[in-house]
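Work through the exercises below with the model open. Each task is followed by a stepwise solution.

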Amino acid sequence: MKIMILGAGQVGGTLAENLANEANDITIIDSDGARLRELQDRLDIRTVQGEASYPTSLRQAGAEDADMLIAVTSSDETNMVACQVAKLLYKTPTTICRVRANAYLAKSDLFYQRDRKKDLDSLRGFPIDVLISPEHLVTKHITRLIENPGALQVLEFSKGLTRLVAIRAMKGGPLVGHELSYLRTHMPRIDTRVAAIFRKDRAIMPQGDTVIEDGDEVFFIAASDHIRSVMSELQPLVKNYKRIFICGGGNIGQRLAHTLENRYQVKLLERNHERCVMLSENLRKTVVLEGNAANKDILLEENIENTDVFCAVTNDDEANIMASLLAKRLGARKVLTLINNPDYVDLIQGGDIDVAISPQQTTIGSLLTHVRRGDVVNVHSLRRGAAEAIEAIAHGDHRSSKVVGKRLDEINLPEGTTIGAIVRHNEVLIAHDHLRVQPDDHVILFLVDKSRIRDVEKLFQVGLTFF
């Protein structure tokens, strides 16, 4: 595909790296020449220095024959205008726009998704095909972690019918020290599939005789209502959380408190007085506190030792890290920390900080859903972009498709790829060798090596005989 990326920041740069490695034709537009030269030195991409929303910049980037525009500059306004210019002047087929401000997102009439029967002249509002809100995605990510105590990552497929969960195996879990085949014997009524195991950052493709060791990072897939039971096999069952402490009252902190306050006891700490007043007026049940999370006395006064989950979600990485370390030392059970700098994520996760959350990786997974070939409806980026989980729909028949009509053990999967489950007519079927793929099945795959994604996409592309 020929793709224009507007904005060479962390999301734009990481996205360009992902897509360039998959043999796409990538052009990045940004006003920062030094940043563009740095990316061009590392990646096989074109760059254009200029304002991302200007028609001249877009034309220079090849807008006339581009397949897709992805607008991820730091300015919502630039992103929205660029999508409109690309649609109206260059008829760009697909526009994807990142918008952060709630003031825009709250007005759905601003964004007009084109009805194919209407021409471009009848468009009203910003003609954006895909709208992405990082704050919304991060809030959902954190909420799922809170709803599944003990999980490192929780990914939903097929509208929540099935989930892929990452969990750290710990002593005391019945399966730890045993072969995977023991799970079937121990839990005969629960069907699950271990998609991958990471041991000391090395991927292990699971077999029936693979022994789970203490400290392994295990990715398993199961129907959503079976997740808790499977987790209890890999670590001592963690009690449901009740008390949540949020540090930072920005867009993410406010969204998170609003999402959680009806089910949990929520406290939110914000240092800005005017923001605190606004939050206390807009949140119904959340206790809003004014102060600095790096202040030990405030945390002790608010009984931090009784807190189940401490979430640091300010826009300052260092403040989040320091507040999280202090909360953990003072007795918070679990600490979730928002980290914008990707270099920090591997550095801090797994020590005193339980889970480091990268907005970039969360956003990129959502963006990749719309770039993948074949009918791919879900993409999740895992392990800081090294691995990927995708949900693809099988089309065609046994003549035109490489997967339809075949048993799972007959499908020639690329190395490092496993099928975890199939969702058929809202029924979750955990992958076993005898299962056959039928038309319109939603197939959920896990790739430990993202360089194989093109081979997986080809499996789900329909041959000419289908037409």
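**Exercise 1. The cavity**

Task: Find which strands each supply at least two residues to the lining of the largest cavity.

Solution. 
Step 1. β20 (417-424) and β22 (442-447) each supply at least two lining residues. Strands here are DSSP runs (E, at least two residues) and helices are DSSP runs (H or I, at least four), numbered from the N terminus.
Step 2. Note the basis. This is a predicted model: local features need pLDDT of at least 70, side-chain atom pairs count only at pLDDT 80 or more, and totals for chains, interfaces and linings use all residues. Residues are numbered from 1 along each chain as its sequence is written, and side-chain values use heavy atoms, with hydrogens and water left out.
Step 3. List the lining: L164, A195, I221, T418, I419, G420, I444, L445 and F446. On a 1 Å grid over the protein atoms alone, a cavity is a set of points where a 1.4 Å probe fits but cannot get out; lining residues have an atom within 4 Å of a point.
Step 4. Sort the lining: seven nonpolar, two polar and no charged.
Step 5. The largest cavity has a volume of about 40 Å³.

**Exercise 2. The pocket**

Task: Describe the lining of the largest pocket.

Solution. 
Step 1. A pocket is an open set of points with protein on both sides within 12 Å along at least five of seven lines. The largest pocket holds about 870 Å³ of space.
Step 2. Its lining has 45 residues; R100, T314, N315, D316 and N340 lie nearest the centre.
Step 3. Elements giving two or more residues to this lining include α1 (10-20), α6 (134-147) and α14.
Step 4. By class, the lining has 16 nonpolar, 21 polar and eight charged residues.

**Exercise 3. Helix α14**

Task: Is α14 largely enclosed or open?

Solution. 
Step 1. Helix α14 covers residues 359-368. Its buried residues (under 20% relative accessible area, 1.4 Å probe, protein chains only) are P359, Q360, Q361, T363, I364, G365, S366, L367 and L368.
Step 2. Nine of the 10 residues are buried, so α14 is largely enclosed by the rest of the structure.

Definitions and conventions:
Buried < 20%, exposed > 50% of the residue type's maximum accessible area, 1.4 Å probe, protein only. Points joined across faces, edges and corners; volume = space filled by probe spheres on them. Nonpolar A, V, L, I, M, F, W, Y, C, P; charged D, E, K, R; others polar.
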